[in-house]
Amino acid sequence: MASGAKYDAIGRTYTRTRIPDPRIAARITAKLGDARTVLNVGAGTGSYEPVDRAVVAVEPSATMLAQRPRGAAPAARAVAEALPFATATFDAAMATLTLHHWNDLEQGVAEMRRVATRQVVLFFEPSCSDDFWLYADYFPESGEVPSERAPGARRLAALFDVRSIESVPVPADCTDGFGAAYWNRPEAYLDPDVQAGISSFAQLDDATRTENTERLRCDLASGAWDTRYGYLRTLAEYDGGYRLLVAGS
Ligand SMILES: C[S@@+](CC[C@H](N)C(=O)[O-])C[C@H]1O[C@@H](n2cnc3c(N)ncnc32)[C@H](O)[C@@H]1O
């Protein structure tokens with residue numbers, strides 16, 4: 001599938017539920033260090049772009065580009081695999097929750113390394129997703145969606161000149177409705193808008209999504225979910241497998 005096509009189809013309501021979380025934003029901005037020029041690759045609607053330095057965005061989906069807020073950084077319609085910039089144009093290149101959608105990961109990473117001295121990447125570890133109650137108990141088919149067989153730390157460490165990889169726990173009141181955002185608020189996963197904002201849901205066929213959603217709805221109504229996982233409702237944060245990688249210099 002052409003890179004922009006997927007999000008042209010599934011990204012129409014992205015900004016309704018994918019509100020960048022300020023705590024995660026602070027972590028990303030800190031890792032950009034003293035970089036003054038930043039390229040945001042797979043930038044989508046502009047989440048996590050710092051406002052205190054010069055940012056340029058690259059995004060292949062017209063639907064996502066159209067949802068960038070007024071005043072957002074300038075954006076080029078392009079793919080990670082062919083960045084339209086000269087070598088070493090930027091101090092840093094960032095990529096948040098996008099690598100698993102790229103058609104050619106190796107080429108995209110090589111391009112990030114070519115155009116920027118430092119790379120900062122927010123990604124998720126696929127084995128953690130497999131263990132997450134949502135996918136393990138209710139939506140196992142999500143793990144079979146090709147983009148959700150994401151590259152984990154081991155694969156990325158072979159492609160980047162890694163300085164650090166840190167865990168990014170998901171706060172109990174996380175505002176960015178990505179896959180594990182509602183680990184303690186299971187009712188949210190019944191909401192069609194929330195489902196539309198999570199690619200592992202949005203790419204499921206309607207019958208599977210409806211059937212699995214009903215199973216979750218029943219377990220919430222009967223108390224079965226709380227019997228098994230109610231302890232999660234009291235925790236402040238959760239390791240949903242999100243990781244922040246810093247590479248280069
Ligand atoms: C889950 S969204 C993440 C958007 C944004 N970075 C964020 O954190 O909200 C994934 C984005 O990757 C983009 N994408 C897909 N294939 C791509 C490619 N080959 N190169 C660059 N971006 C790509 C999609 O169009 C989509 O906007």
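1. **Basis.** This is a predicted model; local features need pLDDT of at least 70, side-chain atom pairs count only at pLDDT 80 or more, and totals for chains, interfaces and linings use all residues. Residues are numbered from 1 along each chain as its sequence is written.

2. **End of helix 3.** Gly33 follows helix 3, and its phi is positive, near 55°. Helices (H or I, at least four residues) and strands (E, at least two) are DSSP runs, numbered from the N terminus.

3. **Buried face of helix 3.** Helix 3 spans residues 22-31, and its buried residues are Ile24, Ile28 and Lys31. They cover an arc of only 60° around the axis, so they sit on the same side of helix 3. The arc is that of the directions from the helix axis to the C-beta atoms. An α-helix has 3.6 residues a turn, so residues three or four places apart point the same way. Pro22, Ala26 and Ala30 are exposed on the other side of helix 3. Buried means 20 or more other C-beta atoms within 10 Å of a residue's own, exposed 12 or fewer, and partly exposed in between, with C-beta atoms placed from the backbone.

4. **What helix 3 packs on.** Its buried residues pack against strand 4 (90-96), strand 5 (116-124) and strand 9 (242-248). Contact means C-beta atoms, placed from the backbone, within 7 Å. Helix 3 runs at about 10° to strand 9. Axes are lines fitted to C-alpha atoms, for helices over the stretch in contact, and angles run from 0 to 180 degrees between N-to-C directions.

5. Seven strands make an open, mixed sheet in the order 3-2-1-4-5-9-6. Strand 3 (75-76) and strand 6 (162-167) are the edges; each has a single partner strand, so one side of each lacks a neighbour in the sheet. Strands pair if DSSP finds at least two bridges between them. Strand 6 and strand 9 run antiparallel, joined by five bridges. Here Ile165 stands opposite Leu245.

6. **Strand 1.** Four of the five residues of strand 1 (residues 37-41) are buried, so it is largely enclosed by the rest of the structure. Strand 1 pairs parallel with strand 2 (residues 54-58) over five bridges. Three bridges join strand 1 to strand 4, also parallel. Asn40 has Ala57 as its bridge partner in strand 2 and stands opposite Met94 in strand 4.

7. **Ligand shell.** 24 residues surround the ligand, the closest being Tyr7, Gly42, Gly44, Ser47 and Ala80. A residue counts as near if its C-beta atom, placed from the backbone, lies within 6 Å. Helix 1 (residues 3-10) gives the largest share, three residues.

Terms used
Contact = placed C-beta atoms within 7 Å.
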